[in-house]
Structure formats: C-alpha cells, structure tokens
Amino acid sequence: MNKRIAVLPGDGIGPEVTAIAVQVLKKIGEVFDHQFTFEEGLVGAIAIDETGNPFPDETLQLCQSADAILFGAIGHPKYDNDPTAPVRPEQGLLAMRKALGLYANIRPVNTFKALADASPLKREIVEGVDFVVFRELTGGSYFGKKGRSDDRLSAYDTCTYTHDEIYRITQLAFEAAAKRRKKVTLVDKANVMETSRLWREVVQKYAAEHPEIELELMFVDNAAMALIQNPRRFDVILTENMFGDILTDEASVITGSLGMLPSASVGSQVALYEPIHGSYPQAAGQNIANPMAAVLSAATLLETSFNLMAEGKTIRHAVEEALNLGYVTKDINPDKFMSTTEVGQKICDFI
Ligand code: IPM
Ligand code: MN
C-alpha cells in the first residue's frame, strides 16, 4: 500500500512523541511491505515563530493532499499567561479542525492490565473499563461569536449548535455503539442550556428510530461523578465540544496516565490522529514524555484511515508487551522509568 501521511509535530513534547510514532509506522511499513511517505508541516507556536500564522496555508494544503494526518500537540507557556496575545497557538488547532471539517473527535478510554495500579482509582473500579467518547469538535462555545464590550469590562463566548451539527455526530456515535455494547450516553446540561435541549431533541428522535441502541441521558456534572465512581457503566458517551474536552481529561486519569490516550478526529475528508495530551512544555526536550498515546494514535490511523487492521493490532500488542516488561515513562512510574526513545525502541522491537 502507498500512502502519504502529513506529520504535524507542533509544540513542546509534540516533536518527540510524533518522532516515535513515525519510527513505529516506518517499522510497520518494512514488516508489512507498505510505502508510507511522511511530509512535515508547521502548526502551533512553532508556526507562529516561523511564519506569524499558527496554521499556515502551506500546512492546510499539505493536510488536504495527504491520506491521513498525524499530529503531536500545540501550546507554549509564553502565551498561556498573556490574555492579550494577538495570535495564539491554539488558534492553529481550532482553525485546522474547522478548515478540515473534523467535526467528531473520538477518544477511546480503556485500561491496560499492566497499569491498573498506576491509576489513582482503586483497581476494582478501573479494571475492564472500556468506553469511547464522541466529542463534537467544530461547534459550541469554541467557535461561537466571542468578544468584549467597548469598555472591555464584560466578555462573552456564544454557544451555538445547529440540528445538522448534532445529527451528523449522533449518527457516528450510534454506529459505533451498534458495534459495541449498544448503549449511548448523551451528556449535556439540559436543565440549564438551550443548546443542550436541542441536543436532547435531536438525539432522542434519532434514538427512537434506532431502538436496538439504548439511550441514556445524563447531566454533565453527574457524568463527571459517575466517571470516577463507576466508569464501567459507560459504552459510548456523546457530548458537545467543551464538555467533551473536560470529561476526556478526567477520563484519561482512569487509565493511569493522560499519556496513554490516542484520539481520532474525523469528518468528511482526511482524518487526523493525535494524542489527547497537550504539549507538556515542562517536559519538552528531556526525553521523558510518554510516546504511547502518539503510537496508539498511529495504530488508530492505520485502522481507521487505511483499514490496516492487522497492522494496527500489531502496534497495540507491541505497546502491551512493552508495558508488561516495565517499559514505562516517568508519568506512569516516577521511581522507575525509561526514556521516550527507550520505550519507542522497545515497541519497535516487538513489531
Ligand atoms: C484538546 C485540547 C484543545 C481543546 C486545546 C489545546 C485548544 O485541550 O485537544 O483537548 O481544548 O480542544
Ligand atoms: Mn483538552
């Protein structure tokens, strides 16, 4: 198979973890006889430094002409405490999601046997957790009208959703549930927000037409609690942009580390794969970042965009083998850990 993969390392630990993911994909290419070509593009703070634009046109074109996109992370501390910065790295990520129509962010959460004791939750709560969050990614308060009053003493971020924006991701979530345990939990704040009431309307109507899937409705505050008390109760969680952002960071802790979770962002065209963690600038350049989320994102890329199921499975196995041998980074075991490149090499050895 011949495929072009756009690689956007981004900021902080992004370049270190995507380098490992690319190394793993190259090894898969050798073993399974595929020709993967990798082309790098700029996005985020590094793109601002080099071009003034966090998502340059060249990067957009690179993405549009690629068969899949592998992305690292975005964000730099020099922008975080400066609310007046005219351009911000995160705008690059949001612009990219919008321009590529990546409306659904799919974040699977499952535990690894070797990491059951790395979770801050009790083993009996985290064992066997297996759910997937469908987070809407191009709507809501992230993209609604925002601004300040003339005197700058009041600010607003508008949360807007349309029927169609809700419908298309609902369809994906129900399709996923049909292949899983056949349950969708819609997470919202319908007791307060009008957008949530529209979500309920659209999703309940869809559910009535798909009776083989059980629909559960849950307020987001309650869901935040249930994720900690009984995460096994969830199969597919469907939710809007901001709630999904917050709940998936929370959910990642169940697995033992935010450094383990991959994600796929899909839409009508090319799909993008990225770890759910951020740029973790404190760790950048130290060879201590956990590359597993990036590597698992590469596995998801092969499975989802190229339908290379055996190849994806090989990567997942290799990650588990490495974990079983204690090849973990500092985020998982601060007393006994390996470097990013050692973990990456071990995963490649198992392929
Ligand atoms: C994520 C990140 C982004 C988001 C930030 C960096 C804009 O937290 O992908 O979850 O909020 O969507
Ligand atoms: Mn986030």
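The centres of domain 1 and domain 2, taken over C-alpha atoms, are separated by 25 Å. In the domain assignment of the protein chain, domain 1 covers 1–102 + 259–351 and domain 2 covers 130–254, the bounds coming from an automatic or database domain assignment. This is a predicted model, in which local features need pLDDT of at least 70 and side-chain atom pairs count only at pLDDT 80 or more, while totals for chains, interfaces and linings use all residues. Residues are numbered from 1 along each chain as its sequence is written, and chains are lettered from A and ligands numbered from 1 in the order in which they are written.

The contact between the two domains takes 7 residues from domain 1 and 6 residues from domain 2, two residues being in contact if their C-beta atoms, placed from the backbone, lie within 7 Å. On the side of domain 1 that touches domain 2, the largest share, 3 residues, comes from helix α5 (residues 89–99). Helices (H or I, at least four residues) and strands (E, at least two) are DSSP runs, numbered from the N terminus. By class, that side of domain 1 has 4 nonpolar, 1 polar and 2 charged residues, where Ala, Val, Leu, Ile, Met, Phe, Trp, Tyr, Cys and Pro count as nonpolar, Asp, Glu, Lys and Arg as charged, and the others, Gly among them, as polar.

| Helix pair | Angle between axes | Distance between axes |
|---|---|---|
| α1 (residues 14–32) and α12 (residues 309–324) | about 125 degrees | 11 Å |
| α1 and α11 (residues 292–305) | roughly 40 degrees | within 8 Å |
| α7 (residues 163–178) and α8 (residues 194–209) | roughly 45 degrees | within 10 Å |

The crossing of α1 and α12 is right-handed, a crossing being left-handed if the near helix is turned anticlockwise from the far one by less than a right angle, and right-handed if clockwise. Val24, Ile28 and Phe32 of α1 make this contact with Glu311, Thr314 and Ile315 of α12, and these residues divide into 4 nonpolar, 1 polar and 1 charged.

Helices α1 and α11 are likewise oblique to each other, and their crossing is right-handed. Here Val17, Thr18, Ile20, Ala21, Val24 and Leu25 in α1 meet Ala294, Val295, Ser297 and Ala298 in α11, a contact with 8 nonpolar, 2 polar and no charged residues.

Helices α7 and α8 are oblique to each other, and α7 passes α8 in a right-handed crossing. His163, Ile166, Tyr167, Thr170 and Phe174 in α7 meet Leu198, Trp199, Val202, Val203 and Tyr206 in α8, and the contact divides into 8 nonpolar, 2 polar and no charged residues.

Ligand 1 is surrounded by Ile74, Gly75, Glu90, Leu93, Asp245, Ile276 and Gly278, a residue being near a molecule or strand if its C-beta atom, placed from the backbone, lies within 6 Å of it. The shell around ligand 1 has 3 nonpolar, 2 polar and 2 charged residues.

Technical notes
Axes are lines fitted to C-alpha atoms, for helices over the stretch in contact, and angles run from 0 to 180 degrees between N-to-C directions. Angles under 35 degrees count as roughly parallel, over 145 as roughly antiparallel, 65 to 115 as roughly perpendicular and the rest as oblique.
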